[in-house]
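Subject: Structure handover

Hello,

Please find the structure below, followed by notes on what was found in it.

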Amino acid sequence: MSQLLWEILGWLGYLQRSAVVAQLLLILGLSVGWHLINPQRRLGNLHPALRLLVAPIAVLLIAWLIELPGGKTGLVSYAGLCWLGWNLLNLLNQLLLLLLPTSTIHQLESRLLRPLFLVLVGLNLISKFDNPADLGVIKLGSLFGEILTVNNLVIAMLVTYLLLVGTKLPAAGVAWMLQKLISCSDSSRKALELIIRYVVIGIGITAVGFHIGLNSTALVAIAGGLSVGLGFGIKEVFSNFISGIWLLFEGSVRPGEILMVDGDPCEVRKLGLRATLLWRDRDNAELLIPNQMFFTAQATSYTATDRMRRSEIRVGAAYSHDPQIVLKILEQTALSVPRVLNHPAPRALQVHYGDSAIEYSLRYWISDPMSNIGIVSEVNQAIWTAFKREGIEIPFPQQVNTVREIPPLKSEPSAADNPPLSLH
Amino acid sequence: MRARLAASVLLSTLALSGCSRLGNELPVMLYLAMVIDQDSKIDTATQTDFRQRIQLIINDFRKIKPNVEVQVALYKRANLNQELQRRNASDLGPDLVVTDAPQANQLLSEGLTDELPVKSFNRYETDQGLWERVKLDDGRITAQPMVIYPQIACFNREIVQNPPTTLQELLQQGASGTRVGLAVNFSELLWTAGSLGAIQSLATANDDQTLTPENTEAMVAWLGWLQRASAQQNITFFQDQGQLENLLNDGELDWVSCNSNSLLRLRKQMGENLGVSPLPSGPAGTASPMNAVRVLALGANSSPRQRDMAVSLAKFITNPMVQRNLSLRSLAFLPVNPAVAVPVRSSRTLATLMQSREDSMLHEPALAGLAHHRSIDRDGSQVLVQLVFGASNPRSSQESLVKALEGGS
């Protein structure tokens with residue numbers, strides 16, 4: 001490790017060369033100048049794509065002009081090229097937007113393309129004053145008796161990162177192909193995608209482990225460490241991880257499933273390693289719930305065997321109306337709402353004699369559990385309209401208060417209360 | 001916003017210019033690019049080995065110039081030109097380049113290194129013959145010779161008790177079961193030309209002079225011997241000495257030609273089983289090994305302080321004490337300073353290296369000329385490959401070789 005630090009510190013020695021300092025100052029001056037001229041205002045007439053290319057090309061041009069009489073501007077040219085590459089990524093981003101959804105592009109760009117670009121820029125920069133291949137074999141220490149070099153560490157980190165970030169799209173592609181082959185449902189496809197990702201990541205991380213020198217002895221040591229760790233700090237993490245995998249195979253909590261959480265239907269968006277991400281329609285909230293919760297607690301699902309949901313509306317009608325007629329009107333009304341399924345047929349029931357009305361229950365089926373609230377509203381509106389049309393009254397509670405005779409406020413005075421009469 | 005920007009620029013400028021001013025008090029950082037052996041790969045062991053070698057020199061150099069630090073970067077020989085071009089384009093090239101003489105000549109020809117200011121050097125501290133190896137046609141000296149890596153024979157002591165001293169004995173030992181490995185690379189197989197009397201013919205062809213019938217026959221005889229040797233079951237030709245050394249270490253070969261540069265590595269791997277001897281002589285005389293010379297060239301981008309320090313180091317390298325220490329500590333190099341007496345009685349390896357050096361000296365004028373040939377290693381090796389694998393006969397190979405030699409110097 002000290003050797004690597006020494007190598008990195010040693011690069012400062014290039015500042016002893018005036019040509020190097022001059023190049024760095026030129027890069028600094030050009031970037032500051034670019035900000036000072038306020039490009040957004042001055043280049044407003046240009047097409048946005050062209051605007052991205054102006055500054056880098058100007059830098060490359062300046063570097064070329066300095067090189068003509070024999071100046072050294074390798075660093076300036078490189079800075080210009082990097083700037084150009086960075087801006088071209090913006091253009092690529094705009095092109096990809098035509099093919100893929102915004103969220104996917106954003107993830108692809110921020111997690112894969114730009115980090116990868118920066119790594120390449122860094123390595124290429126190092127090769128301008130040192131040999132990355134030589135730096136890579138610097139010994140950092142020993143791991144389970146094997147030499148750990150910079151190369152091993154960087155490759156291990158890079159591969160792990162790529163496995164975690166870059167396997168999503170390929171796994172989705174393979175899952176899509178499998179869906180076409182075996183004709184499974186969308187939620188099964190998503191589950192397949194996750195399983196493929198976990199398998200690839202698992203194999204990849206094992207390979208990375210062997211690359212940095214893990215062997216059977218090391219695995220035993222890690223297993224020993226894990227057994228202690230499981231008892232203390234990482235028990236919950238491990239429990240959530242295993243629960244997630246179990247739920248995935250079981251199929252009860254897969255992306256696309258609808259679960260009831262605190263009385264609200266929520267759609268499973270993502271089954272992660274630690275927690276499940278659910279989306280609640282009511283307030284567009286995303287809930288992160290540890291996988292362990294679904295594993296140990298009771299959960300209500302509307303999508304375990306099918307996606308239908310039975311909904312219910314209770315309504316009262318005045319005692320003066322024939323219940324047979326009311327029941328018929330309710331069932332016909334439910335059938336008239338487009339998003340209510342015809343089969344199973346809606347069913348109205350007379351359920352209770354209330355204080356001011358006879359209570360009826362209208363039960364009907366819908367195909368999208370997440371749309372329940374909206375459909376309830378539509379059915380309620382249809383009932384109100386139908387009742388009005390048919391002259392059926394929806395009574396509100398009425399109370400008759402009977403006032404008895406009010407007793408006199410004052411009673412006749414008694415003889416004892418009268419004062420004695422005086423004799424004159 | 002603008003004030004903040006201006007302040008940042010001012011601070012950065014001050015910091016950068018401050019670094020330049022401080023440079024007069026800070027240690028001088030020398031960047032050294034070093035070429036690894038042919039066929040070696042850049043790994044932790046190679047890196048440690050090469051850095052230790054440089055450190056031996058730098059530790060001594062610090063006794064007279066304490067204010068110096070050296071950072072080493074290893075490169076493969078084939079990549080060095082390209083890497084130097086890339087680094088020099090930004091003025092970030094190394095201050096010193098350690099490589100072999102032919103490559104140093106090529107680097108100066110391409111403007112990737114600077115000429116050695118030889119007038120300020122004590123030229124007598126370097127063998128006069130070696131200066132010829134690092135001299136361009138226009139008279140510029142490309143580098144300072146550092147050490148000599150003689151070409152010798154390496155063998156497994158467990159199998160080969162008495163190493164062959166003549167080519168005849170080599171063939172006999174091969175016939176009796178010793179697995180012999182030879183390199184098909186022209187410069188690494190050139191030693192056999194001395195033993196078989198063809199070295200002068202090659203030099204004549206290289207000088208673009210007309211070959212006499214005797215010259216031609218000597219070359220054909222040499223090539224004929226190589227073809228007969230390759231026909232033997234236990235004598236095998238490989239691409240280069242790097243492969244031979246690896247196979248010797250793996251126990252798949254028993255006797256190979258090798259470079260003393262590899263002795264440190266082979267000694268570590270084979271221990272006491274490693275034996276060394278001079279290359280076998282032949283009916284025409286001693287072997288003519290093309291002993292490699294490690295040289296130190298000056299980079300093209302140094303600051304004045306770095307250049308002064310680099311020149312001081314280049315001068316220091318031929319110091320008799322340093323040269324003697326290098327030989328004794330490594331037991332793998334020979335000094336370039338003719339005034340340094342190598343203690344051959346104290347080490348059999350050093351005696352072998354000296355013997356190889358003396359053999360080479362007998363053919364030095366011819367070898368120096370061939371060393372300057374621009375493409376004989378590539379073209380000559382192609383001719384030899386065709387020959388040893390039976391695709392051409394000695395006569396046609398001789399003609400091809402003469403063509404390859406003509407006009408290359």
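Domain bounds here come from an automatic or database domain assignment. For chain B that assignment gives domain 1 (26–149 + 292–335) and domain 2 (151–290 + 353–405). The centres of domain 1 of chain B and domain 2 of chain B, taken over C-alpha atoms, are 28 Å apart.

Before the rest, the conventions. This is a predicted model, in which local features need pLDDT of at least 70 and side-chain atom pairs count only at pLDDT 80 or more, while totals for chains, interfaces and linings use all residues. Residues are numbered from 1 along each chain as its sequence is written, and chains are lettered from A and ligands numbered from 1 in the order in which they are written.

Domain contact in chain B. Two residues are in contact if their C-beta atoms, placed from the backbone, lie within 7 Å. By that rule, domain 1 of chain B contributes 18 residues and domain 2 of chain B contributes 16 residues. On the domain 1 side, helix 4 (101–109), helix 5 (128–133) and strand 5 (144–149) of chain B each supply at least two residues. Helix 5 of chain B has the largest share of that side, three residues.

Contact between the chains. Chain B puts in 30 residues and chain A 32 residues. Among the elements of chain B that each supply at least two residues are helix 2 (44–61) and strand 2 (68–75). Helix 1 of chain B gives the most to this side, with eight residues.

Helix pair in chain A. The axes (lines fitted to C-alpha atoms over the stretch in contact, with angles from 0 to 180 degrees between N-to-C directions) of helix 4 (residues 48–67) and helix 5 (residues 74–96) of chain A come within 8 Å and cross at roughly 170°. Helix 4 of chain A is therefore roughly antiparallel to helix 5 of chain A, the term covering angles over 145 degrees. Residues of helix 4 in this contact include Leu52(A), Pro56(A) and Val59(A), and those of helix 5 include Gly80(A), Trp83(A) and Asn87(A).

Helix 15 of chain B. At 1.5 Å a residue, the 15 residues of helix 15 (residues 348–362) of chain B should span 21 Å, and its end C-alpha atoms are 21 Å apart, which agrees. The expected span is 1.5 Å times one less than the number of residues.

Regards

Key:
Helices (H or I, at least four residues) and strands (E, at least two) are DSSP runs, numbered from the N terminus. Angles under 35 degrees count as roughly parallel, over 145 as roughly antiparallel, 65 to 115 as roughly perpendicular and the rest as oblique.
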